Amino acid sequence: MKRYNLFFLSILLVLFSITACQPNKKEVKTTKDTVMQRKLANYAKVKLSADLSSLSEGHAKLFSHLLKAADAIDELYWLQAYGDKNELLNKMGDDPDIKAYAMINYGPWDRLDGNAPFTDDYPPRPLGAGFFPNDMNQNDFFAIPGNKKFEPLTVVKKDNKGEFKVLPYHIAYKTQIDKAVEHMRKGAELCDCEDFKVYLLQRAEDLLIDNFEKSDALWLNLKDNKIDFIAGPIENLDDHLIWTKYSYGAFILLRNVEWTENVKKFSLLLPYLQKNLPVDEKYKSESPEATSDIVIYDVLYNSGYCNAGNKLIGLNLPIGTEQVVSNSRKVHFKNVMEAKFEKILQPITNLVIDEKQRKHVKFTSFFQNTIFYEISNSLGISQTINNKGSVKDALKEHHAIIRELKNDVLRMFFITKLHEMNELKDVDLMDNYVTHMADVFRSIRFGVTDAQGVANMIRFNYFNEHEAFKYDSKTGTYKINDYKMKKAVESLSRLVLEIQGNGDYDMASEIIRDKGYIHNELLNDLYRIQRAKIPKDVVYDQGDQLAMK
């Protein structure tokens with residue numbers, strides 16, 4: 001098979017996304033409006049919905065305050081991601097499509113296209129986004145005296161003399177944080193759950209000092225609150241200058257008690273799963289996190305980083321910015337998963353999965369596969385077995401890709417084990433396998449420019465080589481062989497765990513080089529999915545109307 005250069009491939013996919021559906025030149029001339037409409041079509045608009053029947057009337061008032069606090073965090077994130085939102089929208093004139101796309105992306109840079117400007121009117125995205133002056137480079141940064149500049153909850157600004165100053169978030173974003181804190185405190189007075197009230201008040205205090213250790217500890221012990229609220233640092237992926245500064249976001253969540261109960265038992269199985277990794281005993285001496293529970297939520301409202309571009313379906317919290325986080329909670333968003341399953345995964349299934357196997361693509365299996373991705377993140381190997389130090393240090397720049405690959409393949413290994421134990425009774429193993437295969441096409445559409453994208457392709461190409469699926473060139477569909485899939489999942493799990501345990505940098509380099517690319521057949525399938533106008537992600541129709549239901 002012909003191998004594509006990754007940079008060339010990224011350009012090719014971008015060009016295709018713009019030109020694949022262009023009308024005949026005789027009919028209409030392509031304009032900025034039609035290009036923007038195609039970009040907007042990459043996001044399916046969905047209403048966030050949840051069962052609010054169990055909530056009291058007082059929750060409506062609580063929700064109203066939490067909504068205003070989340071909106072204040074949204075204003076803060078605009079400053080981190082771009083700068084002055086209103087100034088940007090005014091510059092964009094009267095074109096509603098361009099403005100709508102800017103709102104999705106929190107700026108004029110396309111998050112589905114490597115943050116490239118989506119119109120010619122704007123320069124490339126600054127490496128430091130809004131965390132640093134636009135003209136600042138790494139030499140300027142390292143020339144700033146002292147170590148405060150490295151702290152993850154600080155920004156660098158220029159003072160009136162043109163000199164660089166390091167400011168903590170609670171100073172740089174004082175207006176927005178004060179507003180969020182005010183409404184969190186007012187909302188706390190309306191809480192009918194005392195533990196949640198204490199947490200909310202402490203979270204407000206922590207926003208004022210940029211240290212979330214106390215409120216994180218309180219949040220991990222919350223059990224009885226129906227409404228939940230998360231506000232603060234979420235990820236450090238927006239900072240491309242030194243990859244350190246954290247973006248702020250907020251979630252207003254409704255605890256899904258039924259689905260949380262259904263998955264609670266998986267937390268208890270973590271020690272068993274660790275002991276049954278498909279490697280020699282020397283590779284599995286580490287213990288999983290002692291208190292790593294799983295909570296399922298429905299999202300009622302989100303803002304800031306949580307609402308930008310590609311929407312999160314789950315994450316590990318709390319985030320460790322400076323302090324070490326020993327405990328964690330894996331949170332998953334059921335209604336967001338359902339939206340992506342319905343709007344994206346099902347249409348892809350009907351296009352690329354063998355017709356007789358399409359019945360195996362089910363939401364329950366998609367949900368399980370997603371849950372076990374995060375569970376796999378807690379298991380495996382963090383330290384090498386041959387005195388090379390941590391896996392991260394030994395694998396260097398390959399660490400993130402190999403970690404993503406481990407999480408990706410181990411989830412299917414664990415799901416297979418649980419089926420053998422008769423712990424997953426609502427679906428059969430084939431449902432998980434075929435759904436997993438369909439989900440490859442959903443995720444790989446975001447490209448191979450990040451660790452998860454490369455890991456997706458390593459897994460896909462490895463399964464292809466081991467005949468875990470068969471491609472029918474006439475129908476353009478894939479058929480899974482469950483026996484060979486099981487064997488391939490086990491052997492790839494063993495390979496990646498041994499790479500980590502041995503700190504095998506050379507083997508990591510080899511597998512990334514040989515398998516971390518998109519081959520011709522798959523590229524053609526991605527073209528077909530694009531031509532079918534299947535969206536890549538979702539955008540929310542959300543608001544305070546939820547509080548009144």
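The structure holds 2 cavities of 30 Å³ or more. This is a predicted model, so everything below is read off computed coordinates. The second largest cavity comes in at about 50 Å³. Around the second largest cavity sit Ala81, Asn105, Tyr106, Trp109, Arg111, Asn115, Arg125 and Asp238. Sorted by class, the lining of the second largest cavity gives 3 nonpolar, 2 polar and 3 charged residues.

Helix H16 runs over residues 399-420 and helix H18 over residues 451-465. Their axes come within 8 Å and cross at roughly 55°, and H16 and H18 are therefore oblique to each other. The crossing of these two helices, H16 and H18, is right-handed. On the H16 side, Ala400, Ile401, Glu404, Leu405, Asp408 and Val409 make the contact. H18 answers with Ala451, Gln452, Val454, Ala455, Asn456, Ile458, Arg459 and Phe463. Taken by class, the contact of H16 with H18 has 9 nonpolar, 2 polar and 3 charged residues.

H16 also packs against helix H14, residues 363-377, with the axes coming within 8 Å and crossing at roughly 120°. H14 and H16 are therefore oblique to each other, and H14 passes H16 in a right-handed crossing. H14 brings Gln368, Asn369, Thr370, Phe372, Tyr373, Ser376 and Asn377 to the contact. From H16 come Arg403, Glu404, Lys406, Asn407, Asp408, Leu410, Arg411, Met412, Phe414, Ile415 and Leu418.

H8 contributes Ile177, Val181, Met184, Arg185, Gly187 and Ala188 to the contact, while Lys197, Leu200, Leu201, Arg203, Ala204, Glu205 and Leu207 come from H9. The residues in the contact of H8 with H9 divide into 8 nonpolar, 1 polar and 4 charged.

Two spots in the backbone are worth a look as well. Most residues other than glycine have a negative phi, and most peptide bonds are trans. Leu317 and Pro318, however, are joined by a cis peptide bond, with omega at about 0°. Pro318 lies in the loop between strand E9 (314-317) and strand E10 (328-333). The other spot is Lys396, which has a positive phi of about 55° although it is not a glycine. Lys396 is placed in the loop between helix H15 (391-395) and H16, and H16 is the helix that crosses H18 at roughly 55° and H14 at roughly 120°.

Conventions:
Residues are numbered from 1 along each chain as its sequence is written. This is a predicted model: local features need pLDDT of at least 70, side-chain atom pairs count only at pLDDT 80 or more; totals for chains, interfaces and linings use all residues. Side-chain values use heavy atoms; hydrogens and water are left out. On a 1 Å grid over the protein atoms alone, a cavity is a set of points where a 1.4 Å probe fits but cannot get out, and a pocket is an open set with protein on both sides within 12 Å along at least five of seven lines; lining residues have an atom within 4 Å of a point. Grid points are joined across faces, edges and corners, and a volume is the space filled by probe spheres set on the points. Ala, Val, Leu, Ile, Met, Phe, Trp, Tyr, Cys and Pro count as nonpolar, Asp, Glu, Lys and Arg as charged, and the others, Gly among them, as polar. Axes are lines fitted to C-alpha atoms, for helices over the stretch in contact, and angles run from 0 to 180 degrees between N-to-C directions. Helices (H or I, at least four residues) and strands (E, at least two) are DSSP runs, numbered from the N terminus. Angles under 35 degrees count as roughly parallel, over 145 as roughly antiparallel, 65 to 115 as roughly perpendicular and the rest as oblique. A crossing is left-handed if the near helix is turned anticlockwise from the far one by less than a right angle, and right-handed if clockwise. Contact means heavy atoms within 4.5 Å.
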